[in-house]
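Welcome! Here are some exercises to work through with the model on your screen; try each task before you read its solution.

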Amino acid sequence: MDNFVVSARKYRPATFDTVVGQGHITTTLKNAIRTNHLASAFLFCGPRGVGKTTCARILAKTINCQNLTGSPDRPDDEACDVCESCVSFNQNSSFNIHELDAASNNSVEDIRNLIEQVRIPPQSGAKYKIYIIDEVHMLSTAAFNAFLKTLEEPPTYAIFILATTERHKILPTILSRCQIFDFNRIQPKDIAEHLNSIASKEQIKIEYDALELIARKADGGLRDALSMFDLNVTFSVDRTLRYKEVLNNLHILDYDYYFQLTDHLLSANLPQTLLTLNEILQKGFDGHQFVVGLCRHFRDLLVCKDAATVQLLQVTESVQRQYLDQSVRAPMSFLLSALSVGGQCDLNFKQAKDQRLHVELMLMKLANLRNLLNWETLPAEITVALPVHTPVMATPEPIPTQSVNGHPADETMNGAEKKNGSPALTESVIIPNGTETQPLTSEPASGYMATRNGSNGTNGSNPAVPPLPRPALTGSLLRSTAGLAPTKPAAAASQTDTLELLPPTTVARPDQSFTFEELQMVWRAFTQRRQQQTDNMTEQVVLNRDITLDGTTIYLTLQNKIQVDHLTDIRPDLLGYLREQLQNRQIQVEHQIVAQDVKKMIYSPQDKFNFLAEKNPALLNLRKTLGLEVDY
């Protein structure tokens, strides 16, 4: 019985033309070989399993090939596989191509041995001596430094090919001496085609959808895809890859669940939505993985809204038709709102105590979007006049209404016209509902905007609502203002019920004056709070310095730059606390550095004599008269 060889080794590319998904790399290397413009050092970097070491081996084998002139069935930039150099390389017995694993040979001594080997010229008539160093980022800093000189000025016959998955760990001095090639993740389509060719060679029956499923799961790594391919072939009894079996074996959540769940959400069927979630969780799928996949599904539906972006979907044709069909039934407002709610669930999932309840709350919100948006009963678009021209009288059309946040939303939003009769500039928006900010969209939303057919004795003729300033549209709230006197044209002064759009920002309160004693109390409270949060002594020294007040500006006198740095760190918290407690937004904190005078200490007898002489100059005269000297 023959020994089994995994597909990643059995079908490892042996020529540049068989390398999958790295055309920009192979073309450059073939041109360099053809024109004999070979660098002394190459650096291949990129994700795992994309062909870095494979390309390094092909390059080493090709540049040492003794028959590169080519033939009618072989280009002149591919190895011949028949010369002495190629045969010895294929048999792993080449004296001129050395492969070093830097993960296990990462010391200075290992690099010194490598440098000693570089001094020996190539054998058996080969042109180059090539060193492939894999996982080069594992070398120690000392080993890198020992390698620098040889890498910068190697012998003419020496070529170094470095490969790594973590380019950022390599010293910049090494990077500057190498010709760098960035390997990309391989596209799922290319991986699926490669797996299909292997399946035909191995006489394995396949469902192409199963290969595409493996390609997507591999996330751009061909080696991972080949490992999963071997696993599923082993799992299959009759050497047939079926979509359902691969789906279960790789533990992937099927598209059908997302399509089914979205249909339940679009029809506001909350019970079936929760039952579908329960089925998914009972099969062992992670809740966070489900949330991310559902958001990805909504994104794909959004992509299908425009024919120009359908190509961004990397799915089979049958699944693509399902996406196109469901995207027609899913309004833009639903998808945008669902992405917003799903994104918040994704961000807060790990902090939730009851993660299942957290996901169920997200689905409850999504199922209620149909009732809030009510996209089946409203026109295709609602317009709000922007303040471009002065509005005049207009006759509005009634729109079906519903309550908004418990308030009757039955007032009329009217279109504005120019004085000359031409329509004013408008823009389609949706006014958000409740406290959660909903995305702006051109979809209808009767839960956000509503009208009232004139029931106040004016024969249904309502004046136009004045145009609203644009900044008040985002995150605003609706409230009924019956009985108030809003700003209206003179002809509409008798109208009573309107919709007033209020910005969600807090009402600006006037700045309150405060005394120095009040400032000191608040300052001490902040100092005590910071002392409980941190034990930084320098920070406490800064906060306990004397302060002075000039208007609303607080001045501190500091002694050095270190204290200034600590004040800069705590200044935002300090200002926020002072402004909130003293109710004054004009408060500022300034500082100045005044170096502390250091008194010179008296140590030597000469210092003592000088100190006494400053107080009593007669001592100097006595010393000169008697010719005395200070005794040390």
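**Exercise 1. Find the element that gives the largest share of the lining of the second largest pocket.**

Step 1. The largest share comes from H3, with four residues. Helices (H or I, at least four residues) and strands (E, at least two) are DSSP runs, numbered from the N terminus. A pocket is an open set of points on a 1 Å grid over the protein atoms alone, where a 1.4 Å probe fits, with protein on both sides within 12 Å along at least five of seven lines; lining residues have an atom within 4 Å of a point.

Step 2. In total, 16 residues line this second largest pocket, and Arg12, Arg57, Phe89, Asn90 and Asn92 lie nearest its centre. Helix H3 (52-63), helix H4 (84-90) and strand E2 (97-101) are the elements that give two or more residues to its lining.

Step 3. The space in the second largest pocket is about 480 Å³, where a volume is the space filled by probe spheres set on the grid points, joined across faces, edges and corners.

A note before you go on: this is a predicted model, in which local features need pLDDT of at least 70 and side-chain atom pairs count only at pLDDT 80 or more, while totals for chains, interfaces and linings use all residues. Residues are numbered from 1 along each chain as its sequence is written, and side-chain values use heavy atoms, with hydrogens and water left out.

**Exercise 2. How do strands E12 and E13 pair, and which way does the chain cross from E13 to E14?**

Step 1. E12 (residues 547-550) and E13 (residues 553-558) are antiparallel, with four bridges; two strands pair if DSSP finds at least two bridges between them. Asp550 has Thr553 in E13 as its bridge partner.

Step 2. Two residues lie between the strands of this hairpin, where Gly551 takes a positive phi near 70°.

Step 3. E13 also pairs with strand E14 (residues 588-593), in the parallel sense over six bridges. Ile554 is bridged to Val589 in E14.

Step 4. From E13 the chain passes through helix H20 (residues 561-582) to E14 in a right-handed β-α-β crossover; with the strands pointing away from the viewer, the path from the first strand over the helix to the second runs clockwise.
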